[in-house]
Amino acid sequence: MPESSAGPDSVVTVERAGAVLQIGLNRPAKRNALNDTLILALGACLEDLPRDVRAIVIHGVGEHFSAGLDLSELTERDATEGLAHSRMWHRVFDRIQHCRVPVIAALRGAVIGGGLELACAAHIRVAEPSAYFALPEGQRGIFVGGGGSVRLPRLIGVARMADMMLTGRVYSAAEGVALGFTQYLTEAGGALAKAMELADKIAGNAPLTNFAVLQALPMIAESNPQAGLIMESLMATVAQSDKEAKQRIRDFLDRKTAKVRPG
């Protein structure tokens, strides 16, 4: 059973289930709208992770992942404060993207605005049929400020993101998995369970391999091809030289681990 370490009034819930850390966005009455308190609490959860945490699942408490930025916080900011606020979001979401362990987002209901930006920072996204994706910034007279203009086009393309912002277009969960918003679509109510299942599986991988996938793979994919190939060779050499990798290969050759089969 998961072990909880956050009080009921916290803007985030934190639970441990073995090697998996489960973080819940906990403002259900506000559809988990993101205010400074929640963003900073989320960042604190990702700082100085215990060494035995091997994967993280982020989800929304209640019926929604996140309806985005809490617009009530915008009314009192000037331009300088707005810039600092955006950069604070960048620091926290970078902490997700560059986390030493894989981060999975379990999505349901609203995944819009800043909530979509948060989901994009995760490494794997799992949605259930109630999830829907939108960027209403164009209708609000604002612009994305949580890294969405960098991360989302890499998933769905610049033209599709521009259309969302200009027209308010909303995508369903089924459309989302087909277009690249998410990698998995579950049955109703199944996103969190599927995310935990994936997290448990990922937690069983060799930590150095997970690190290579999270940190080296994105850099290789975006680099000059020849530089990428050199980086790949170096990373492959380091991973293969790890004691755990050697043991896993021996176990496979000794038929102690199963071969890959169709799902």
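Visitor: Which residues in α2 meet which residues in α3?

Guide: First, a caution: this is a predicted model. On the α2 side the residues are W89, F93, I96 and Q97. They meet G114, E117, L118 and A121 in α3. The axes of the two helices, α2 and α3, come within 8 Å and cross at roughly 35°.

Visitor: What classes of residue make up the contact of α2 with α3?

Guide: Five nonpolar, two polar and one charged. Gly is counted among the polar residues.

Visitor: Why is H85 called buried?

Guide: H85 has a relative accessible area of 11%. Buried means under 20%, so with 11% H85 is called buried. Its place is in helix α2, which covers residues 79–97.

Visitor: What does H85 touch, and what makes its link to the side chain of W89 a polar contact?

Guide: Residues up to four places away in sequence aside, H85 touches D36, L69, E73 and R77. As for W89, the two side chains make their polar contact at 3.0 Å. The cut-off for a pair of N or O atoms is 3.5 Å, so the distance of 3.0 Å is within it.

Visitor: How do you know whether M164 is buried or exposed?

Guide: M164 is in helix α6. Its relative accessibility is 0%. The limit for buried is under 20%, so M164 counts as buried. Leaving aside neighbours within four places in sequence, M164 is in contact with L116, F133, A134, L135, I156, R169, Y171 and F181. The C-alpha atoms of M164 and P136 are separated by 7.5 Å, with the two residues 28 residues apart along the chain.

Visitor: What makes β6 and β9 edge strands?

Guide: Three strands form an open sheet in the order β6-β8-β9, with mixed pairing. The strands β6 (110–112) and β9 (170–172) each pair on one side only. The twist averages 25° from one strand to the next.

Visitor: How do you know that β6 and β8 pair?

Guide: Pairing needs at least two bridges, and three bridges join β6 to β8 (residues 132–134). The two strands run parallel. V111 stands opposite F133 in β8. Helix α3 (residues 114–121) lies across β6 and β8, at about 85° to β6.

Visitor: Why is β4 described as largely enclosed by the rest of the structure?

Guide: Six of the six residues of β4 are buried, so β4 is largely enclosed. A55, V57 and H59 point one way from the strand, while I56, I58 and G60 point the other way. β4 pairs with β3 in the parallel sense over six bridges, and I56 is the bridge partner of L21.

Visitor: What covers the buried residues of α1?

Guide: The cover includes β2 (12–17), β3 (20–25), β4 (55–60), α2 and α3. The buried residues of α1 (residues 36–45) are L38, I39, A41, L42, G43 and C45.

Notes:
Residues are numbered from 1 along each chain as its sequence is written. This is a predicted model: local features need pLDDT of at least 70, side-chain atom pairs count only at pLDDT 80 or more; totals for chains, interfaces and linings use all residues. Side-chain values use heavy atoms; hydrogens and water are left out. Helices (H or I, at least four residues) and strands (E, at least two) are DSSP runs, numbered from the N terminus. Buried means under 20% relative accessible area, exposed over 50%, partly exposed in between (1.4 Å probe, protein chains only). A polar contact is a pair of N or O atoms within 3.5 Å; within protein, one must be able to donate a hydrogen and the other to accept it, and residues adjacent in sequence count only if both atoms are side-chain atoms. Contact means heavy atoms within 4.5 Å. Axes are lines fitted to C-alpha atoms, for helices over the stretch in contact, and angles run from 0 to 180 degrees between N-to-C directions.
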